[in-house]
Amino acid sequence: RAKRVLREAQRQLLYGEDLAGIDILLIARPGAVARTSRALREQVGSLLLREGVLSGDSPTRPGESRDST
């Protein structure tokens with residue numbers, strides 16, 4: 001399950017990003033199994049932001065809405 005969740009999180013977070021020349025490898029640690037899908041997605045997003053892969057002002061992904069609250 002963790003592998004599937006990480007793959008989907010990566011797909012959603014990186015939609016529309018220019019990743020030419022960038023390889024990304026996500027490895028689930030044993031503790032990932034106990035986390036919720038949302039928590040894993042948030043951690044992947046934080047990691048990608050921290051490493052400069054995401055710009056922080058990414059456009060809304062398919063299936064997401066941007067709340068102004």
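User: How much space lies in the largest pocket?

Analyst: This is a predicted model, where local features need pLDDT of at least 70 and side-chain atom pairs count only at pLDDT 80 or more, while totals for chains, interfaces and linings use all residues. A pocket here is an open set of points on a 1 Å grid over the protein atoms alone, where a 1.4 Å probe fits, with protein on both sides within 12 Å along at least five of seven lines. Volume is the space filled by probe spheres set on the points. For the largest pocket, that comes to about 370 Å³.

User: Which helix gives the largest share of the lining of that pocket?

Analyst: Lining residues have an atom within 4 Å of a point, and the largest pocket has 14 of them, with Leu40 among those nearest its centre. A helix is a DSSP run of H or I, at least four residues, numbered from the N terminus. Six of the lining residues come from residues 37-50, which is helix H2.

User: What follows H2?

Analyst: Numbering starts from 1 along each chain as its sequence is written. After H2 comes a residue whose phi is positive, near 80°: Gly52.

Notes:
Heavy atoms only, no water. Helix = DSSP H or I, 4+ residues; strand = E, 2+ residues; numbered from the N terminus.
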